[in-house]
Amino acid sequence: MQKTFKNEKILFAEPLFQCDGLAGFTRSELYENAIHRTLRINQLKKEHNWTQEDFDIAIRCLNYEVGFVIHLSMFIPAIERLATDDQKAKWLPLAESYRILGTYAQTELGHGTNLMALETTATFDPRTDEFVLRTPQLSSMKWWPGSLGKTATHAIVLAQLIIGNKNYGMNPFMVQLRSLEDHMPLPGIIVGDIGAKLGANSNDNGFLILNDVRIPRENMLARNSKVTKDGRYIQTSTNKANYATMVLVRLSIIRWAEDTIKNGSLIAIRYSAVRRQSSLQAGGPEMQVLDYQTQQYKIFPSLAASYALFFTYEAMMKEYEIAYAQIMRGNNQLLGQIHGQLSGLKAFASDLVTYELEMCRRSCGGHGYLKASVVGETLLHTLPLVTVEGDNTVMYLQCARYLLKQIAKALAGQDVDEPTSYLKKDILSYTCPVQKGEHCTNPNYLLKIYTQRAHSAIASVARQLQFDLESGKDQSSAFNNNLVSLVQAAKAHCQLCLMKNFVESVSALERTCSENLASVLRQLCLYFGLHGIVTASGEFLESEAIGLQQLEWIKAEELKSLAAIRPNAVALVDAFDLHDQTVMSALGRYDGNAYQHLFEAAKREPMNQTQVPPAYYKYLRDLIKGQPLAKL
């Protein structure tokens with residue numbers, strides 16, 4: 001923690017990283033500022049000998065308000081995972097020294113998550129030993145890649161490999177987009193920015209049209225497959241290994257979701273401790289808003305979700321590192337498991353935080369509508385997460401397909417992956433562990449309830465699919481008729497994952513931390529479990545994981561938990577150790593002077609830099625003086 005704090009002091013001593021003036025920036029100014037910040041943060045890395053971990057922490061401290069993040073998060077990792085050793089030796093030093101700037105061009109105007117339907121083609125020309133890349137129609141242009149619009153000099157382009165008249169599927173190709181001399185697009189390349197978005201406007205998301213762009217055969221990233229000079233396609237590993245980069249990005253999205261919900265929770269809780277409104281007793285002093293049960297019910301779920309996502313990210317990162325090490329050795333055995341898990345968790349995490357951030361914004365009252373509160377801005381920056389790197393509905397369905405394969409194995413008496421080991425248990429032998437009110441205070445009992453609900457949801461949709469198939473429906477119709485249930489099953493599994501990671505992480509901490517700290521975390525974990533059951537009570541009842549009596553006990557305990565969390569709520573968000581310049585909120589400052597900071601933000605508003613607005617001389621003056629209005 002001390003090391004991180006030292007880096008924060010270095011960072012925020014820089015005027016460039018003071019965020020108070022960003023609200024009045026145009027889009028071009030936001031973009032230029034982000035590029036400037038990136039250059040400066042790299043200088044600081046060299047000046048202070050920061051490790052890559054230090055550098056990553058610094059970017060998070062800046063709330064990702066830096067340029068060419070995709071270069072670091074996707075372009076370089078894609079080279080590391082998809083290139084041969086010779087290709088790495090050629091391109092990694094250039095990328096790591098920023099002599100080339102890259103993006104990852106996968107999504108197209110007409111296709112996003114359906115990768116097999118991508119329309120961009122890379123046709124091998126044996127006469128010149130080159131690939132010819134085309135985006136044959138409007139819908140095939142690359143659309144959305146970050147840094148593509150104005151920054152990237154190179155892109156890893158995902159395209160259908162064509163040799164002769166045969167399609168060999170999606171493969172990655174290194175394509176130079178712009179001249180390294182004057183940054184102008186190269187012949188055959190039309191590239192630009194897709195326009196302003198609801199948020200994240202410092203990033204130049206772009207479009208790319210390829211008109212017969214030729215690249216050397218050696219520019220196909222060939223770790224998993226290659227094309228010989230005479231046009232033979234040789235697959236050295238399963239094409240599924242191409243998903244390794246995409247899986248890493250989905251893991252990164254969980255961290256992004258965690259970071260944003262921590263910001264929103266911190267702002268809402270700190271401001272609720274400062275704000276006083278009304279009184280429960282006539283003539284009594286105004287109460288802190290945080291003392292009202294209704295306010296606690298709005299914002300404590302975001303607090304609990306912050307910790308649940310933190311523990312889940314840490315657990316999934318460990319699983320990913322194990323899987324990645326195996327993938328690099330040519331063993332893709334764990335790829336299906338990690339892909340299935342992270343597809344669902346990416347969707348669940350982004351759905352969770354976008355909902356909770358809106359509740360945080362509402363909990364700040366009218367002031368939450370101000371940009372200076374930053375809660376609304378944080379929400380806008382988070383909204384892309386539900387579609388980026390895969391629309392959430394599709395992500396849930398990818399997770400559901402994985403779960404169907406696992407339950408089929410379980411029913412056949414075969415081994416299943418560890419995250420789905422609960423599917424091997426006898427679902428009919430379940431007895432709800434909550435048999436009296438006090439049992440609701442045991443997180444392990446709640447975990448059993450979550451497990452039964454997930455098991456039941458998966459088994460139920462699997463049975464219905466089997467029934468539809470046996471009734472004569474074709475596979476696609478049977479699947480389409482059960483899509484909603486499949487999504488619900490995936491959500492149940494993902495919610496179980498968060499609860500399991502929370503319970504297991506707190507249990508591990510109990511063996512090493514003080515009893516006071518353990519008690520606070522245990523209470524927050526308990527609340528996360530109780531609240532999850534109440535908010536999805538219909539599904540828990542339908543699965544018979546609980547009965548009506550258990551639901552009544554759980555509801556009562558959920559409300560009691562609010563009062564138990566209240567004394568430590570501010571300390572729990574302070575423990576995030578977020579610098580004021582990271583949060584950037586007038587309402588969420590550590591010093592608690594919310595009203596003073598709101599006023600200071602108002603004084604910085606560009607409209608307040610002159611006392612008399614131009615509109616006065618154009619329109620208002622004549623109106624006020626009663627003179628005839630000039631022709632408008």
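Mentor: Let us begin with a pair of side chains: those of E258 and R60 meet in a salt bridge, at 4.0 Å from N to O. A salt bridge here is a side-chain nitrogen of Lys or Arg within 4 Å of a carboxyl oxygen of Asp or Glu.

Trainee: What should I know about the model before going on?
Mentor: This is a predicted model, in which local features need pLDDT of at least 70 and side-chain atom pairs count only at pLDDT 80 or more, while totals for chains, interfaces and linings use all residues. Residues are numbered from 1 along each chain as its sequence is written, and side-chain values use heavy atoms, with hydrogens and water left out.

Trainee: Which domains does the assignment give?
Mentor: The assignment gives domain 1 (8-67), domain 2 (99-236) and domain 3 (245-572). Such bounds come from an automatic or database domain assignment.

Trainee: How many salt bridges are there between domain 1 and domain 3?
Mentor: The count is two salt bridges between domain 1 and domain 3.

Trainee: And what area is buried between these two domains?
Mentor: About 460 Å² is buried between domain 1 and domain 3, with carbon and sulfur atoms giving 33% of that. R60, N63 and Y64 supply 79% of the area that domain 1 buries against domain 3, more than any other three residues. Buried area is the accessible area (1.4 Å probe) that two parts lose on being put together, summed over both.

Trainee: New topic: where does UniProt place the feature "binding site"?
Mentor: The unreviewed UniProt entry places it at T107 and G146. Although spread over 40 residues of sequence, they cluster in space, with a largest C-alpha distance of 10.7 Å. UniProt positions follow the numbering used here, feature names are shortened, and annotations may be inferred rather than shown by experiment.

Trainee: Is G146 buried or exposed?
Mentor: G146 counts as buried because its relative accessible area is 7%. T107, in contrast, is partly exposed, at 24% relative accessibility. Buried means under 20% relative accessible area, exposed over 50%, and partly exposed in between (1.4 Å probe, protein chains only).

Trainee: What does G146 touch?
Mentor: Leaving out residues up to four places away in sequence, G146 touches I70, T103, N203, D204 and N205. Contact means heavy atoms within 4.5 Å.
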